[in-house]
Amino acid sequence: METLVQQLINGASLGSVYALIAVGYSLVYSILLFSNFAHGGFLVIGGYICYYALRSLGNNIWIAGGLSLLGAGLSAVLTERIAYKPIRERTNITLYLLIASLGMSIVIENIFVIVVGGRFRALPPVIPTDPVHLFGLTTTSAFDLLSLAVAVIFLAALQFFIAKSKWGLAIRAAAFDLKTAGLMGINVNMLISIVFFVAGMLAAVGGIFLSVRYTLYPQLGAITIKAFVAAVVGGLGSLPGAVIGSLILGLAEMLTAGFVSSQLRDLVVFSLLVITLLVKPTGLFGKKPLEKV
Amino acid sequence: MKRAIAVAVVMALAFAASSAIAQETIKVGYLAALTGDWAAYGQTELKSAQLAVDEINGKGGVLGKKLELVPYDFRTRAEDAVNAVRRMIEQDKVYAIIGANGSGINIATAPVVNRAGVSQIGTVSTNPFVTVDNDGKVRPYSFRICFTDPYQGKVLAYLAAQEMGKKKAAILYDVGNEYSQGLREFFIKSFTAYGGEIVSDLGFRGAVDVDFRAQLTEIRNSGADVLVLPNMGKEMALTIKQARELGMADLLIIGGDGYADFMWEIAGSAMDGTYWVNHVAPEDPAMQPFFAAYKEKHNDECKEFVNGVLAYDSVYWLADAIERGGKADRKAIRDALENTKGLQLHHAVLTIDPADHNPKDKDAVILECKDGKARFYKKVRPE
């Protein structure tokens, strides 16, 4: 029983970090109908900005975190302007965007390898990682609880932004039909920039938490492949789907590793993906293209 | 006019050819992971090897010629390593190859170098099959400067059972890594022979997995009093950090030569109280000039000091072999490497066993992590 509770907590905290990243995939997909594989790069950018800000501006996580979110958001906008905008203005085949994003992910990773080196870097201890005993039932890290809480806060804020703000309404309209939304007077380029900015910011939050948990290195973005799987399982384009998919994936990983075999964990994760695509290709919460976001 | 140009071109070509001959060097291939997960190790190796080459060239080179490193990045992938080795041999015409920093890679490149007759020296490649084939027959052109995994596994078991008095061991190993698999196997064999018991034996996928809390939860429940980590630095550091975060404060953690100083960066004070079997002690007085020179040249600490020292001494070993062989010739270099006896390198005295191309009777160093640093604990040669 104790073990089960422990593994459930392990899974939920892993899933919450996946969720922050998966939501970014879903957001971009809902507007432009392609999976932005450079998303892992924004996570790495956010992590490094936070690292250097903490180092040079004193250990103030609020300033460093703010700069990191801003920086990653702007890099995402810049990436869209440089790599995707020229393509989407020439063609409406989203496969080209997908390929461009694969290229960008490799470009970003290698820029970091060359500029800062392949070495592992730990963020200064601004986020507590001490063991916390929960009701005598189980032990977890303070960090796990914090990452769960922060993920919930950011996802709730995003939901609020989309449901209540004017730009949120525009995003919903664009997800409905980007072209028509443009014809109705929405500034489509601005809208896409906002979506990328938000996705980049969420990636930075994920990046900071992943850097604390697994340290920072240029290949850290590779972890987003799991978040992408989570987004697909939950239904690409659906934000609640991305969250639920992430929790399912985090729990599936931990329970498989804990109770079956740690070697089967990736097998289970990717089998889940294949099964989802076979049984319900739109994912758990995937709706028809008309009802996305 | 045309003729004048032709004459000029011919003269220029002749000049270029003659100057090329005058500057002829002894080319040495260097195979290292310069990008990817092992980049920290590989980059240190290359920098250290270059330092040794510069020192040797500064003293007049070998046989009156200068050494020249030809580095290739294998990106932790065996197929890239095989292609790199082919290019070194066929295009660059190297006389010998140093590297790689990983056993699986040396095993993958062994058929190529042995067919071509070019010696390859593994730096930290500790798997037995680096230098012998599946039938136990020595691979004529494969060498190593480090001790082997069976030996290291035995040292680990000796450390846990005899030195520390622990009898219940848990192992967490990388299922996709030959080094990890080998070390685990040889540890189990020796540990049970010392009267110990394996209470938990779990795996993970290296380079993919970064979260080990599921396995650690199981290990915590198994009643193990020692956790053995036969892995690479990143995974071991993450494991140690997560173990301490899960409240496993008293568990003794030991591991092999995958230890690297960058693990402190990842795991911080969680490293305190861990022990590591190693080839080199960072406090070794004989290595201090090297560490100082490295710092001056590269403006950085030699954090991955095992790779640094072994890469540095591999170059000195090879230079000595070329000198003893008497000519820049692939076969002569091989014969001289095989007949290395009592060679005083910086970190150790090297004698090669011709039967398996392994160093004979090298002491193993045990490092103890204490107060933010890996310190020399003792030297062992288990019985």
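**Note on a predicted two-chain model**

1. Leu63(B) sits in the loop between α2 (39-58) and β2 (66-73) of chain B. Helices (H or I, at least four residues) and strands (E, at least two) are DSSP runs, numbered from the N terminus. Leu63(B) is not a glycine, yet its phi is positive, about 55°. Most residues other than glycine have a negative phi, and most peptide bonds are trans.

2. This is a predicted model, in which local features need pLDDT of at least 70 and side-chain atom pairs count only at pLDDT 80 or more, while totals for chains, interfaces and linings use all residues. Residues are numbered from 1 along each chain as its sequence is written, chains are lettered from A and ligands numbered from 1 in the order in which they are written, and side-chain values use heavy atoms, leaving out hydrogens and water.

3. A cis peptide bond runs from Gly99(B) to Ala100(B), with omega near 5°. Ala100(B) belongs to the loop between β3 (96-98) and α4 (103-116) of chain B.

4. Look next at helix α3 (residues 61-90) of chain A. Its 30 residues should span 44 Å at 1.5 Å a residue (1.5 Å times one less than the number of residues). The end C-alpha atoms are 42 Å apart, which agrees. Still, α3(A) has a kink of about 50° at Tyr84(A), shortly before Pro86(A) (the angle between axes fitted to the seven residues ending there and the seven starting there).

5. Now the interface. 35 residues of chain A contact 35 residues of chain B (heavy atoms within 4.5 Å).
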